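Subject: Structure for your files, with notes

Hello,

Here is the structure you asked for. My notes on it follow below.

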Amino acid sequence: MADQAGRQIDTVMQESRLFPPRPSFSDKARIKSLAEYEALWNEAATDPAKFWGDMAREELHWFEPFTKSLNWNEPFAEWFVGGKTNASYNCLDAHLEAGQGDRVALLWEGEPGDTRRLTYTELHREVCKFANCLKTLGIGEGDVVSIYMPMVPELAIAMLACARIGAVHSVIFAGFSAEAIADRNNDAQAKVQITADGAWRRGNILPLKETVDAALVKSPSVKHCIVLDRVNEAIEMKVGRDYWWHELMDAASDDCPAAPLDSEAPLYILYTSGSTGKPKGIKHTTAGYNLFAKKTFQWVFDHRAEDIFWCTADCGWVTGHSYVVYGPLSAGATCLMYEGAPNFPAEDRFWELVEKYRVSVFYTAPTAIRAFIKWGDEHVEKHDLSSLRLLGTVGEGINPEAWMWYHNKIGGERCPIVDTWWQTETGGIMMSPLPGAIPTKPGSCTKPLPGIIPEIVDESGKPVGKNQGGWLTISHPWPGMLRGIWGDNERYQEVYWSKVPGKYLAGDNARCDEDGYYWIMGRIDDVLNVSGHRLSTIEIESALVSHPNVAEAAAVGRPDDLKGEAVAVFVTLKNVEPTEELRNALKQHVRKEIGALAQPDDIRFTNALPKTRSGKIMRRLLKDIAAGKETVGDTTTLEDYTVLANLREEE
Ligand code: ATP
Ligand code: MG
């Protein structure tokens, strides 16, 4: 036991609620039963390369067929070798050719309430024109284009225009500083910057162009800048460097055939959220990524022609890449895209949009769900959400109580919830319920998708038993996997392929229960080591969140002479003031829910937790605070620096 204690992660969570899909949902679903899912998964696992190869022939357009499904020279994969395709073609031209050009591709709403609607034919035309604009600035195959824009249709147009001509986009979330943009531009050696004069954010204007001007002073590789007029701000335009989007577009032809690109031509670079350290420039390539985004979209969101799909993620994150742009558009879906914040002008903005657009499939993040809970049910109850048929989450683990709220209040107890586990690196969803087939358990991402073979191992690489926590790895390459870290093969090898031979190391801990359900237990780096027991962050946090007064919680280890580490938790409250009594009550609550071992030693009440700009709790910063240390790690991805300053002051 002592020997094992250092290697495995103990589970203390009890969660036995089970929600089978309703027959009325399953009957119409793409995958209708557990047996059907299992048959498909087994078929794929027998010969993944053949499984994906057959699918690629069917699902993508090929200018030239590929000759081999997979070349695997660990850790370097090449999928659909020798083939030529184009992601922009698969997202646009393919539908026009199938006579579907009049279908709506994008429904868009701006923060101030302005709207747009683009059919596939219209989107195709805009993309062709903008691709020609890029060409006139000398951009071609392999050139990197940096995009720093609000969530407007032009952002998707810019991405697809790059894809059309083989340029590589690098989208940077439009909340990052000039410093962060310059870092990414230099790392990627971007040649062109695309931005807007400004962006709406909660009624204010974020001066995007001003930030870009400061970034470009430090980005010598960037020669040109294209500026979209979004907010009518007076900005400076540098002659010879800066061009207005609309002026270039006015002069551009709408004829731009999609370039036949090698399957492995780089499609984009995207920097990770930076939850655990300095962001990594993840490289994705054309055919494999495109196939994986399309197929996972169809499977997990059970896509039907009449759906109105809304993924609330910004295109600055991988979720926006795969499930606002490449996945849904390759599948011919109708997507809602929204520019603003969930609480502007009021806390019911999302529900107002669901009602207005009759959204049927809604995909968001746990951080948003926890905020909705905190804001109160009255904002939800004002609206008719009966159009919804399926809900999803991504980004962090969802605490079971938050899951139940989502199920009851948003889903009206009728919508399945797909808790999707994946990463920037994986390109698309890896584990998730298939909503017509797999009964859900609150807090579990359930089972791997067909073609995905997870294995949980201990630190020596040996598989662990049922319900034992360990490192989550993936055993066989899959088409959407990253092809490297931009310009740094060594770091790629080091981070993902060196600790467990022959397997992709995801960097998360997980356990698999007696029903073959996977439970993500948090980041490898975040495990708490208490009296020889290794505890998972999420289990302690979920126990806290199940208390009626707790809105959010983060658990970290603090060095302790006796126990190795003590359990320190940071808690935000809803509707109550912090008191000593409540602190004790919370300790008792955790003790009762998951046991004495996990009982917090320190509880700190705070107004907000430090998060990345994509809304993930940054436990590494809290760990430093709990230990009374200065933060030494990368803080460029921190959303709000005052949160950190306040936490320090409260010490
Ligand atoms: P960095 O790698 O720079 O530290 P990051 O890991 O936050 O940043 P992303 O690729 O945006 O960057 O996030 C992927 C991570 O998010 C996963 O490794 C996992 O820790 C977490 N995650 C995503 N979806 C889920 C989920 N459904 N359940 C639990 N955790 C999730
Ligand atoms: Mg990561």
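A residue is called buried under 20% relative accessible area, exposed over 50% and partly exposed in between, using a 1.4 Å probe and protein chains only. By that scale Arg 202, at 39% relative accessibility, counts as partly exposed.

The model is predicted, so local features need pLDDT of at least 70 and side-chain atom pairs count only at pLDDT 80 or more, while totals for chains, interfaces and linings use all residues. Residues are numbered from 1 along each chain as its sequence is written, chains are lettered from A and ligands numbered from 1 in the order in which they are written, and side-chain values use heavy atoms, with hydrogens and water left out.

Backbone

Most residues other than glycine have a negative phi, and most peptide bonds are trans. Arg 202 has a positive phi, near 50°. Its place is the loop between strand S9 (199-201) and strand S10 (204-206); helices (H or I, at least four residues) and strands (E, at least two) are DSSP runs numbered from the N terminus. Asp 302 also has a positive phi, near 45°, and lies in the loop between helix H11 (286-300) and strand S16 (308-311). At 2% relative accessibility, Asp 302 counts as buried.

One runs from Glu 74 to Pro 75, with omega near 0°, and Pro 75 sits in the loop between strand S1 (68-73) and strand S2 (76-81). Another joins Phe 344 and Pro 345, with omega about -5°; Pro 345 is in the loop between strand S17 (334-338) and helix H13 (349-357).

Ligand 1

Which residues come nearest to ligand 1? Of the 21 residues around the ligand, these are Thr 272, Ser 275, Thr 276, Thr 424 and Arg 523, where "around" requires a heavy atom within 4 Å. The shell divides into four nonpolar, 10 polar and seven charged residues. In that count Ala, Val, Leu, Ile, Met, Phe, Trp, Tyr, Cys and Pro are nonpolar, Asp, Glu, Lys and Arg are charged, and the others, Gly among them, are polar.

Polar contacts are pairs of N or O atoms within 3.5 Å. A polar side-chain atom of Ser 273 is 2.7 Å from an oxygen atom of ligand 1. For Gln 423, a side-chain N or O atom lies 2.9 Å from a ligand oxygen, and for Gly 395 a polar backbone atom is 3.1 Å from one. The protein covers 94% of the 630 Å² of accessible area that ligand 1 has on its own, by the Shrake-Rupley method with a 1.4 Å probe.

Helix H7 and other sites

Helix H7 (residues 153-165) has 13 residues and reaches 19 Å from its first C-alpha to its last. The expected span is 18 Å, taken as 1.5 Å times one less than the number of residues. H7 is largely enclosed by the rest of the structure, because 13 of its 13 residues are buried. Gly 166, with a positive phi near 85°, follows H7.

Ile 282, in strand S15 (residues 281-285), counts as buried at 0% relative accessibility.

An unreviewed UniProt entry annotates Val 545, His 547 and Val 550 as "binding site"; such annotations may be inferred rather than shown by experiment. His 547 lies in the loop between helix H18 (537-545) and strand S28 (550-560) and is buried, with a relative accessible area of 12%.

Regards

Conventions:
A polar contact is a pair of N or O atoms within 3.5 Å; within protein, one must be able to donate a hydrogen and the other to accept it, and residues adjacent in sequence count only if both atoms are side-chain atoms.
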